[in-house]
Each structure stands twice: as C-alpha cells, then as structure tokens.
Amino acid sequence: MRKFPLLAAFILFLLLAQLSAPGQPRAETLHFVTQEFAPFSYLEDGYVAGPIRDAIQRVCLEAGLDCGFEVLPWPRAQHKVQVGEAQGLFVVGKTTERLSWLEFSPPLVSSRYGVFVHLDDPLIFRSISDLIGYTVGVYGPSATYEALLEIQEKLEGKLRIEVRPDDIQGFLKLDTKRVNAVFSNRDVGFSIIRSEKLNNIRYAGDYRQTYYYVALSRDHVSKEIRHRFFSAFNDLIRKGELQKIITAYGLAPIIRPESGQ
C-alpha cells in the first residue's frame, strides 16, 4: 500500500530536479553576456561595469526581472546565447544575420567608426580614398571589421587589412608605426589611448555613425519575458532615465523609443 506514495514522491523529486537543472534558468531570470569593450562595458574589480550594464540593470528592476552579467571573448559570448547558456547580449550592433536569432532593444547609445593615425601622419580623413596604400589595423571578427571590409572592396583592394583578436593590439602597433592606421569605434579608441597611455596617436576623422543595442534570444527567452523587458526599456527611455545613465558616462544616448524588432 505504501508503494504509490513513494512513487509519487520520487516523481515529484525528478520534476523538481529537472526544473533546477543547470542551463534552465527560471523564466524571470536573464543572464547577459558582453565583451571587454570600454567605455561601454568592462570589468572593474572583477565585476561587470559600464553604462550599458547599469542601463540593463535599471530595466530589469523596472520589469521585475532578476538579471546577471558576464564578460567573455565576443565569439564565446555570442555562442553562449545561441545555445541557450545565456539569454542576452550587449553591447551589440544590429545586423540582418543577428535578427534571425536575436530580438533587439531600441538603440541605446551612438558612437562613430573612424580612423586613427600616428602623430607623424598629416592625414585628415575625409574620404575612403584617403586610405589607399595604407595598412589598417582592426579588431575582428566584429562589425567594425565588416565595415572595413566594405571599404576595402570599394577601393578594389588598395588597402591592406591587419586583423587583431582584440582592440588594444592594433593601437599598440600604431603607436610604434607597425601599421599606418587603425579603424575603430571612436569612443573605444580614445579609451584605449587613455588606459594604455599611448602618446603618439591622434584621431584623423569619422567614417560613419553606429548604434549599439541590447538583445535577447528569440529561441531561449519567452515572448512574455521579452515583452516585459522591452516594454520597460521603452518606458524608461520615454521618462529619460536611461539617457541620464548614458550621459553620466560622457557618452551619447539615443533619445527616441522604438519597439524591439
């Protein structure tokens, strides 16, 4: 007669264990991953810091969500979201390929891609033709690298690209004239120049404006949770709360709300 209660208890134990298994977070929990990408996101005393992290945390509080943060190499961060080991990405650019597996927030912050050169180089960058004959360093794989590839194609291969696995290496090489220029996010470049105390580099000019977003997995975050997150995001933009966070870091916020797509 006692077999049935014991069987019921065993089944309940299995169900509870399955619900608490690693890689299966509660519906109200979002784990965000990013890369070392100062001044937008970075590690500080072992914790993820920066304006985008602060903005996301404010959104999560507004939406009643429990959110965690982690810094990883960018390819690993993206893979972790693709396989469901994390649910969100930041600081991320919107591309056609990413739209297939990510839902994006409104644009949160703007910056510019541009060209850095050595102090000895008189270049004032106004046109992509100014880079003909240059060897240009760039971090990749990245959206910045993709933009530089487009420039190389337009110039029919008349510039050489040197891809580095992080942002810093290209600037270190430029400081000692081992490349002619670096193609980079402007804010990231200035941050590296300050942190590495590079005294031989200057900014030669803008290429184009770029926007950065927060994104959630389409496959591993429910529609209800995505709706809660992005609704809170838009509400805080309308109230000006997220703009205050971005501006406090000396960066340029986006001021218009829009639906996540």
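This report describes salt bridges in a predicted model. A search of the whole structure finds 15 of them.

| Pair | N to O distance |
|---|---|
| Lys80 and Glu70 | 2.9 Å |
| Arg208 and Glu150 | 3.6 Å |
| Glu162 and Arg164 | 3.8 Å |

The side chains of Lys80 and Glu70 meet at 2.9 Å. Lys80 counts as buried because its relative accessibility, 14%, is under the 20% limit. Glu70, at 22% relative accessibility, counts as partly exposed.

The salt bridge between Arg208 and Glu150 has an N to O distance of 3.6 Å. This pair links distant parts of the chain, 58 residues apart: Arg208 is in strand E11 (residues 201-217) and Glu150 is in helix H5 (residues 143-154). Arg208 is partly exposed, at 33% relative accessibility, and Glu150 is also partly exposed, at 38%.

In the salt bridge of Glu162 with Arg164, the closest N and O atoms are 3.8 Å apart. Glu162 is buried, with a relative accessible area of 12%, whereas Arg164 is partly exposed, with a relative accessible area of 26%. Both residues belong to one network, in which salt bridges that share partners join Arg160, Glu162, Arg164 and Lys173.

Key:
Residues numbered from 1 in each chain as written. Predicted model: local features only at pLDDT ≥ 70, side-chain atom pairs only at ≥ 80, totals over all residues. Heavy atoms only, no water. Salt bridge = Lys/Arg side-chain N within 4 Å of Asp/Glu carboxyl O. Buried < 20%, exposed > 50% of the residue type's maximum accessible area, 1.4 Å probe, protein only. Helix = DSSP H or I, 4+ residues; strand = E, 2+ residues; numbered from the N terminus.
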